[in-house]
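Here is a short briefing for a first look at this structure. Start with the surface, then turn to the sheets.

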Amino acid sequence: MVQHTQPEPAEPSIAEANRAVLGRFAFDDTRDFDDAKRGFLGTAADPLVKNAEAGTVWDLEAYGFLSGECPDSVNPSLWRQSRLVSDHGLFEVVEGIYQVRGFDLSNMTIVEGERGVLVIDPLISTETAAAGLALYRSHRGERPVTGVLYTHSHVDHFGGVRGVVPEGAEVPVLAPEGFLEHAVSENVYAGTAMGRRAAYMYGAALPKGPRGQVGAGLGQTTSTGEVTLIPPNLHVTRTGQEEVVDGIRIVFQLTPGTEAPAELNIFFPAHKALCMAENATHNLHNLLTLRGAQVRDPHVWSRYLTEAVNLFGAEAEVAFASHHWPVWGRERVVTFLSEQRDLYGYLHDQTLRMLNVGLTGPEIAERMQVPPALEKAWHTHGYYGSVSHNTKAIYQRYLGWFDGNPAHLWQHPPVEAAARYVAFMGGAEQVLAKARESFAAGDYRWVAEVVNHVVFADPTNADARTLQAAALEQLGYGSENGTWRNFYLMGALELRDGAVGTPTQTASPDMIAALTLDQLFDSLAIRIDGPNSWDASLAIRWNLRGHPEPITLRLHNGVLTHVAGEGPAVAAPDATVSLDEAHLRAVLLGAADLNDLAADGHAEITGDPKAIAELLGHLTAPDPDFAIVTP
């Protein structure tokens, strides 16, 4: 067990601000609690979900402390949301549709068919998905999995698939068009950086408790088991497309560019049940996640919610999603979807209105307020996304990182700027003395901004790290947003105790295997050490058995390019290798040695074999534990 420095209590100003939240919102409204418990059938007898090595990947009882009164160190609104999301077990949505909730960041939905079950979104890890399916079977019988449906291309909606589909089983696997491309590219191209930042966003390494991790708004945290992927074999390519899987009639609405680049909503006419994937959940979602992603389009998101109401609002008696709990009743469903629609539409339109009168992203974020009627609805609160960072994301989507002020066009990078700031402000001791006064006054935002310069100017300054950690901790205690809280508290933790690493790795063997050859070569190109390969000029031709055209890989001017076939863009090869695709993948991923393959007769090499080794020698390895709150 890792021993962490004990967190400090909430400062009086934070405690007072958190108590004030209780008077702002209708905490006596228990309808969400009633909905979250409706249809409960039971939960697992063993609260610990373990992997093959007996390591715990999920603990159902980790959030038992949430049953108590909200402490000063947690925003009461976030405490309420975390209590709701921490409910775990098997729930009946309607007869024939069940959800496993609280077994991972996301929900797994199970729809009963004629012979077995259709599994929708099998969680992050094989272990949690298998545990969820076992729970379902303990209540509903040993029904086989006769189909799988991925609603979209994020790992918490497919990673556990091999925990529900037996090895070698052939079942229909449905997904929206473009699913595989986006699923693997997101987790491989920028996967290392996203994974490291996700460690802050979900706080999986934080101690669970009133002064630690209490949830992430959308779900509690991420499981840490085996991530897998079975590529889809049935693609949804248009809205209105219908499929029948094991006797279950399914009507689809494609929603690309909303919460994910490839996503869909699902209607089950026989059940009058509408699955909204992750397009309408009980919070304001992210337009740009804090772990990093491409900026999502709130205008398109809002329009697809209008379309969902038009397509299914007259029939749907229940709406459920891949996170949180359902909403029952036709009128409530329409109201819920309409308010979600208005939320994203309002943020989009008002951000554009303000940027067109010259306000910058941070200025708009400070001014933006949602209408009172929307703020009254609990499901519009920023537990996962936030009005602040979503507004900045919209600004970024339209205008990019530059705010138009030439003073910001060519600023010093953080370390160099920090040294100059600290020198201008009279040195580290004077900065810290003034920052302590700001801390005492409750201005934690300013402390975090100013002391960050001292930390980046001298990361060994223990007093600066201590004060910065204390400021971040108080900001976390006051946050309604679960991911903001986790970021702040993770920053405090690593400033005090050092880096804790990245608990969840998504670039799994299944993910790598799902890369197309184009994507595989692209994933190598982003690992080339450009400056150290400026003078290199190398070309390797790969003749792949069973493929109609050779592929030539060329390193020139620090850029690794690949071209299939012949043509002016194809360089004369320094070496030519003939082998099958599986062995090529193994060589490029470092799992096999080309010379060994040649010696065994699995590869034939002509030309200069040293050119191949030289080219591969220009590859660098990403760092999954890079520094975030220090240089």
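Trp401, Leu409 and Trp410 make up a nonpolar surface patch, and together they have about 520 Å² of accessible area. The model is predicted: local features need pLDDT of at least 70, side-chain atom pairs count only at pLDDT 80 or more, and totals for chains, interfaces and linings use all residues. Residues are numbered from 1 along each chain as its sequence is written, and side-chain values use heavy atoms, with hydrogens and water left out.

**Surface patch**
- Patch residues have over 30% relative accessible area and no salt bridge; like charges are joined within 9 Å, nonpolar side chains (Val, Leu, Ile, Met, Phe, Trp, Tyr) within 5 Å.
- A salt bridge puts a side-chain nitrogen of Lys or Arg within 4 Å of a carboxyl oxygen of Asp or Glu.
- Areas follow the Shrake-Rupley method with a 1.4 Å probe; for residues, only the protein chains shown count as cover.
- Trp410 sits in the loop between helix H11 (387-399) and helix H12 (414-424). Helices (H or I, at least four residues) and strands (E, at least two) are DSSP runs, numbered from the N terminus.
- Trp410 has a relative accessible area of 83%, so it is exposed (over 50%; buried is under 20%, partly exposed in between).

**Sheet of 8 strands**
- This open sheet runs S1-S4-S5-S6-S7-S8-S9-S10, with mixed pairing. Strands pair if DSSP finds at least two bridges between them.
- Strand S1 (40-42) and strand S10 (234-236) are the edges; each has a single partner strand, so one side of each lacks a neighbour in the sheet.
- On average, neighbouring strands here are turned by 25 degrees against each other, direction ignored. Axes are lines fitted to C-alpha atoms, for helices over the stretch in contact, and angles run from 0 to 180 degrees between N-to-C directions.
- S1 pairs antiparallel with strand S4 (residues 89-94) over 2 bridges. Phe40 has Phe91 in S4 as its bridge partner.
- Helix H4 (residues 126-140) packs on this sheet, and its direction makes about 40 degrees with that of S6. Its contacts (heavy atoms within 4.5 Å) include S1, S4 and strand S8 (145-149).

**Sheet of 5 strands**
- The order in this open sheet is S19-S18-S17-S20-S21, and the pairing is mixed.
- Strand S19 (559-564) and strand S21 (604-607) stand at the edges.
- Strand S17 (residues 537-544) and strand S20 (residues 575-579) run parallel, joined by 5 bridges. Trp542 has Val577 in S20 as its bridge partner.
- Helix H19 (residues 581-588) lies across S17 and S20, at about 150 degrees to S17.

Notes: Buried < 20%, exposed > 50% of the residue type's maximum accessible area, 1.4 Å probe, protein only.
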